[in-house]
Amino acid sequence: MNPDPSRPRPAGREEHPLLPPFAARDLPAGRHQFHKERLMAQIHEDLRAADVAHVAAAPASAPGRATGPRNPFLRRAVFVPAAAFALAGALAVGFFSYLDRGAADGPGSTVATGPALTTRIGAADPKGAPQLLDRISLASASVAGPAVRADQFIYIGSKTANTYVKTEGDKSTLVSEQLHMRHQWNSPDGTKGWLIEPGNTGPEGVTLAGPDEMGNTPTPHLNAPTHNYLATLPTDPDVLLRRIYEETKGKGRGPDQEAFTTIGDLLRSSYPPAELTTALYRAAAKIPGVVTVDDAVDAAGRSGIAVARLDEHSGQREEWIFDRETLAFLGERSVQVQGESGEQGLIKPGTVVYTSAVMTRTVVDRIKELPPTAR
């Protein structure tokens, strides 16, 4: 299971006006896998379009004409900028079939994000986090984890959007993605997977299987776990937290923030066994700087209470949002709470930089199968 939307990254200057927002610099290590998926999705789509155009334009005897499959990861820098055009057309003609089949951001949605949404910055309580996380861990222990066969798939349907600063020439503007659904399927061992996401894949989506851009078979790890890998992680909170610190050493913007981010990725973008979920919450309670926030709203407009941590470098607070009554995990967001960030300080306090909501998390029998709750 690969981490999803991943979280806000500090807004930076774009080197090309057509580059997608996830190409920004200083991406925290815990976000690399998700944004790599999005980058690879665009590469796959653009290369496919480029190959079709190339073959159609070249005569059969033309020197250099492609005679077999091309490596989709070659010449990445050449093809990524053009992907925006191909994907925009694909989105316009094809993806709405998934949105109309019950996806939460279909026609009529009124949930706003990014610069269209400035939120009340909830009050942070530095003393309440251990008690709240203890309650959340107890609640999670009563929820059975997924029972998944080797031939089945973990499906996660989430609503998500980012806000970022786009710079062209000497002009910078604040841009917000349209709130959209992200549909992802992964086999327990991670060898098979599929992603469908507006703006980042075509209407049919792209595979998440196969070697990485260097031709290597990926090895599961904390920032790119499989379901089977999660089952091997320790469930003692102290041992688990120590492993998280060790594996993320030197990444992100400090060990405590990176540990918090890594746990957030696992909670939002995977389907951990119940025992591991409980251990993750108890481990998070031991991270310095973790606080509670009295009010936070996820991408679906659901209000709840949050467990959060402030990234002092960016002034953005990462918030895990829970239902007030059941303490079920709802989603995650990042809010600018201190100072201004982004080119020319365009991201003001109260701006929601990243928002997500887990709408459906379940086990299905086939890849690309939408569960009843997503129809």
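## Overall picture

Of the 375 residues in the protein, 52% are buried, where buried means under 20% relative accessible area, exposed over 50% and partly exposed in between (1.4 Å probe, protein chains only). The protein has eight helices and eleven strands; helices (H or I, at least four residues) and strands (E, at least two) are DSSP runs numbered from the N terminus. Among the contacts with a separation of 6 or more, 66% join residues 24 or more positions apart, a contact being heavy atoms within 4.5 Å.

## Model and confidence

This is a predicted model, in which local features need pLDDT of at least 70 and side-chain atom pairs count only at pLDDT 80 or more, while totals for chains, interfaces and linings use all residues. Residues are numbered from 1 along each chain as its sequence is written, and side-chain values use heavy atoms, with hydrogens and water left out.

The average pLDDT of the protein is 75, and 67% of the residues score at least 70; pLDDT is the predictor's confidence in each residue, from 0 to 100. Over residues 1-116 the pLDDT is below 50, yet this stretch has 240 contacts in the model beyond near neighbours in sequence. Where pLDDT is low, the predicted coordinates should not be read in detail.

## Helices α6 and α8

Helix α6 (residues 237-247) and helix α8 (residues 274-284) have axes that come within 9 Å and cross at roughly 75 degrees. Axes here are lines fitted to C-alpha atoms, for helices over the stretch in contact, and angles run from 0 to 180 degrees between N-to-C directions. From α6 the contact uses P237, L240, L241 and I244, and from α8 it uses L276, A279, L280, R282 and A283. These residues divide into eight nonpolar, no polar and one charged. For this division, Ala, Val, Leu, Ile, Met, Phe, Trp, Tyr, Cys and Pro count as nonpolar, Asp, Glu, Lys and Arg as charged, and the others, Gly among them, as polar.

Helix α8 is mostly covered, with nine of its eleven residues buried. Those buried are A274, L276, T277, T278, A279, L280, Y281, A283 and A284. Their cover includes α4 (129-141), α5 (227-230), α6, α7 (255-269), β9 (316-322) and β10 (329-336).

D298 sits in the loop between β7 (291-297) and β8 (303-311) and is buried, with a relative accessible area of 3%. A polar atom of the D298 side chain lies 2.9 Å from the backbone nitrogen of A300. Leaving aside residues up to four places away in sequence, D298 touches I321, L330, G331, T355, S356 and A357.

M181, in strand β4 (residues 180-186), is buried, with a relative accessible area of 3%. The C-alpha atoms of M181 and A357 are separated by 9.4 Å, although the two residues are 176 residues apart along the chain.

## Positive phi values

L327 is found in the loop between β9 and β10. Phi of L327 is near 65 degrees, a positive value in a residue other than glycine, and L327 is buried at a relative accessible area of 10%.

K368 lies in the segment after β11 (352-364). Phi of K368 is near 70 degrees, again a positive value in a residue other than glycine. At 32% relative accessibility, K368 counts as partly exposed.

Definitions and conventions. Polar contact = N/O pair within 3.5 Å; in protein donor to acceptor, adjacent residues only side chain to side chain.
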